[in-house]
Amino acid sequence: MPIDWADPGGARIDVAVVRDRADEPAKKVGTLISLPGGPGTSGVDEILKGGKFSAELRARFDIISLDPRGVKRSHPVLCDAGLVGYRPNVLPDLGGRLDEVRSYARDLADSCRRYTGPLIEHVDAVSVARDVEALRVALGEERISVYSRSYGTMPAQAYAELFPNRLRAMLMDSVDDHSLDGRAFLASEARAGKDTFGEFAAWCARDEQCALHGTPVDRVFDEVYAKAARGELRAVADATKQVTPFDLNTQVVQRLYRPEWSRLATDLRTWADQLPGVPIAPAAAQPQGRPAPMPEIILCSDWRFDITDQDQWAALWREQNDNAAPLRNHFAWGAGSMCSGWPIGVTNPPHRPQIADAPPILILNSLHDPATPHEWATAVARNTPGATLITYEGWGHGVYDRSPCTTSAADRYLIDLTIPQNNCPAA
């Protein structure tokens with residue numbers, strides 16, 4: 001693929017592709033391109049490990065995926081290992097300074113340019129969509145079906161904008177709303193954290209198997225967060241490793257993905273009972289002169305976070321806390337703070353979907369999703385002509401394999417082009 005699709009005759013990179021041929025070739029419907037999430041997930045690995053798709057879908061499609069440009073086998077984004085392993089303080093009420101975050105972002109970007117080369121400026125979702133179109137041409141397919149999940153819905157939407165007549169079907173599972181500005185992005189992610197943590201707390205209140213049953217979960221979290229803020233919290237599995245307040249919130253949200261409520265309750269119980277560790281002085285960023293992968297920085301190519309100064313950053317932090325309570329932040333806060341100082345331009349700025357003449361698009365989303373809020377799915381469905389939203393009325397991130405209902409709804413759409421009529425109950 002060309003590094004820069006505006007210069008198709010220029011320098012090129014290899015993009016890794018995997019194909020799982022249809023198990024029943026005589027009944028083959030066509031080719032299904034699966035776009036992985038992240039940013040940073042390897043689509044090649046997902047297929048090699050067995051994927052997430054049903055036996056029926058694997059029988060009827062050649063299923064193809066890729067490592068998107070900048071990820072793993074596809075000329076990965078590499079930056080200085082010392083900077084990759086360091087995270088600046090992004091919490092204003094605990095001494096975080098926006099100028100320090102931006103200084104770190106500039107140093108990191110310089111190292112990414114050095115180790116990644118010019119590709120670092122062309123890892124946006126539109127470039128991935130153009131890679132998918134080149135893949136379609138290489139396969140000799142007149143039209144393709146597309147399944148996308150989480151961050152993979154970004155290039156999926158770009159593909160529908162650019163090449164609607166090349167689509168047979170498109171399913172977006174746990175969709176990103178690319179119409180949001182930075183403030184709305186952070187606020188909606190924080191609300192998703194609040195909602196899904198509240199669902200966890202409600203489960204603890206009614207289920208005696210919860211390690212925090214009979215205990216005010218919000219108060220326990222407040223106590224654990226206070227330990228982290230004092231530098232006293234340590235990892236559950238490694239007492240030598242400090243857990244910062246930002247680490248704590250990130251780990252809590254990640255437990256809400258599946259969701260893993262029982263494990264989250266046990267973690268919080270362990271942290272609450274844990275003897276305070278001796279605070280560890282924060283280390284400075286130390287470049288190591290060797291590369292390490294950092295695909296998550298791809299997000300800065302697709303989202304804009306315009307934060308003018310420390311005062312506005314602090315005001316956004318207070319808003320984040322209000323929206324996320326009892327959590328203090330969502331992991332999106334760190335990404336937004338970092339991207340606000342990213343010196344490489346946003347090559348795919350946020351905008352409402354501009355899709356016309358595409359086939360009917362199906363959107364699947366959990367009602368309680370900690371990463372791609374249901375409100376995002378509602379907005380994308382509203383702003384995308386001909387789109388239908390089917391809600392899994394339960395919890396977690398990623399819907400296709402949630403229940404027989406969600407799998408069947410997706411399969412019938414992809415195989416028969418039948419649009420589901422009803423939501424799927426929680427399983």
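Cys112 is buried, its relative accessible area being 0%; here buried denotes a relative accessible area under 20%, exposed one over 50%, and partly exposed a value in between, for a 1.4 Å probe and protein chains only. The structure is a predicted model, in which local features need pLDDT of at least 70 and side-chain atom pairs count only at pLDDT 80 or more, while totals for chains, interfaces and linings use all residues. Residues are numbered from 1 along each chain as its sequence is written, and side-chain values use heavy atoms, with hydrogens and water left out.

Cys112 forms a disulfide with Cys79, and the two sulfur atoms lie 2.0 Å apart. A disulfide is assigned to a pair of cysteine sulfur atoms within 2.5 Å. In general terms, such a link is a covalent bond between the sulfur atoms of two cysteines. The link of Cys79 and Cys112 is right-handed, with 100° about the S-S bond. Because Cys79 belongs to strand β4 (residues 78-80) and Cys112 to helix α4 (residues 98-116), the pair ties together parts that are 33 residues apart in sequence. Helices (H or I, at least four residues) and strands (E, at least two) are DSSP runs numbered from the N terminus. Cys79 also counts as buried, at 0% relative accessibility.

A further disulfide joins Cys300 to Cys339, with an S to S distance of 2.1 Å. This link of Cys300 and Cys339 is left-handed, with -85° about the S-S bond. It connects distant parts of the chain, 39 residues apart: Cys300 is located in the loop between β7 (291-293) and α11 (310-324), whereas Cys339 is located in helix α12 (residues 331-339). Both Cys300 and Cys339 are buried.

Cys405 and Cys424 are likewise joined by a disulfide, with an S to S distance of 2.1 Å. The torsion about the S-S bond of Cys405 and Cys424 is about -80°, and the disulfide is therefore left-handed. Distant parts of the chain are again linked, since Cys405 is found in helix α14 (residues 404-416) and Cys424 in strand β10 (residues 424-425), 19 residues apart. The two cysteines fall into separate accessibility classes: Cys405 counts as partly exposed, at 31% relative accessibility, whereas Cys424 counts as buried, at 2%.

By the distance rule, the count comes to four disulfides. When the bonded cysteines of the protein are numbered in sequence order, the pairing is 1-2, 3-4, 5-6, 7-8.
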